[in-house]
Amino acid sequence: MKSKFTFGRNVFLICGFVYAVLISTVAQAGSDYLRYNHHPPGRLIVDRVPNFGWNLAFNLQIDGRPVADVVQGRSYSTWLPAGTHVLTVHKVPTVGYTEPTSVTVNIQPGAEHLYVAMWDSGLVYLHPAGVSVTPGAYWQLHGDGTP
């Protein structure tokens with residue numbers, strides 16, 4: 001009877017010791033992460049203009065990965081890590097001439113970034129909300145490709 005009690009006690013002590021070591025390692029790594037590397041994410045919202053077209057959608061890619069096909073009456077919203085991201089859109093269905101358009105977005109920590117998907121000359125492009133210029137004027141103002 002004594003050997004069963006000793007064996008159980010030893011297993012319990014070993015498990016407790018391993019658990020304590022794991023918890024202290026995670027706690028130390030977590031405190032360093034929060035202290036030095038943590039930046040809150042920024043929110044990205046991509047909306048459609050009302051006159052986009054009832055039979056058209058657009059495919060949204062973030063940093064080269066497809067994330068959504070946005071149809072009439074819908075929008076896309078996500079949290080992104082702070083930093084530079086590339087948003088690419090192209091029309092769906094891909095009938096006729098289609099070419100993806102991209103815009104570079106610098107997501108600020110804790111900020112909300114609103115972009116509107118617009119349709120012009122057979123292309124879908126993303127337009128920062130609150131900026132009222134035509135695609136041609138936008139290209140002339142930012143000929144180097146920066147938003």
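Biologist: Let us take buried as under 20% relative accessible area, exposed as over 50%, and partly exposed as in between (1.4 Å probe, protein chains only). On that scale, is H113 buried or exposed?

Modeller: H113 is buried, because its relative accessible area is 15%. Before going further: this is a predicted model, in which local features need pLDDT of at least 70 and side-chain atom pairs count only at pLDDT 80 or more, while totals for chains, interfaces and linings use all residues. Residues are numbered from 1 along each chain as its sequence is written, and side-chain values use heavy atoms, with hydrogens and water left out.

Biologist: Which strand does H113 lie in?

Modeller: H113 belongs to β7, residues 112-120. Strands here are DSSP runs of E with at least two residues, numbered from the N terminus.

Biologist: And what is H113 in contact with?

Modeller: Contact means heavy atoms within 4.5 Å. Setting aside neighbours within four places in sequence, H113 contacts R43, L44, I45, N106, I107 and Q108. With Q108 there is also a polar approach: a polar atom of the H113 side chain is 3.1 Å from the backbone nitrogen of Q108.

Biologist: In what order do the strands of the open sheet come?

Modeller: The order is β4-β1-β7-β8, with mixed pairing among these 4 strands. Two strands pair if DSSP finds at least two bridges between them. β4 (76-80) and β8 (123-128) are the edge strands, each pairing on one side only. From one strand to the next, the twist averages 25 degrees, where axes are lines fitted to C-alpha atoms and angles run from 0 to 180 degrees between N-to-C directions.

Biologist: How many bridges join β1 to β4?

Modeller: There are 5, and β1 (residues 42-48) runs antiparallel to β4. I45, for instance, has S77 in β4 as its bridge partner.

Biologist: Changing topic, how many residues of β2 are buried?

Modeller: 5 of its 6 residues are buried, so β2 is mostly covered. β2 is antiparallel to β5 through 6 bridges, and to β3 through 5 bridges. I62 has L87 as its partner in β5, whereas N59 has D69 in β3. In the β2-β3 hairpin, with 2 residues between the strands, D63 adopts a positive phi near 55 degrees.

Biologist: Which residues have the most contacts inside the largest nonpolar core?

Modeller: They are F58, L60, L87 and L126, in a core of 22 residues. β1, β2 (57-62), β3, β4, β5, β6, β7 and β8 each supply at least two of its residues. A nonpolar core is a set of buried Ala, Val, Leu, Ile, Met, Phe, Trp, Tyr and Cys residues joined through side-chain atoms within 4.5 Å. L87 itself touches, among others, L44, L60, I62, V103, V105 and L126.

Biologist: Is V70 buried or exposed?

Modeller: V70 counts as buried, because its relative accessibility is 2%. V70 lies in β3 (residues 65-70) and, leaving out residues up to four places away, touches R48, A57, F58, S75 and Y76. From V70 to V46, 24 residues apart in sequence, the C-alpha distance is 8.9 Å.

Biologist: Finally, where is T94 found?

Modeller: T94 sits in the loop between β5 (83-92) and β6 (101-107). T94 counts as exposed, because its relative accessibility is 54%. Its C-alpha is 9.5 Å from that of F58, 36 residues away along the chain.

Note on methods. A polar contact is a pair of N or O atoms within 3.5 Å; within protein, one must be able to donate a hydrogen and the other to accept it, and residues adjacent in sequence count only if both atoms are side-chain atoms.
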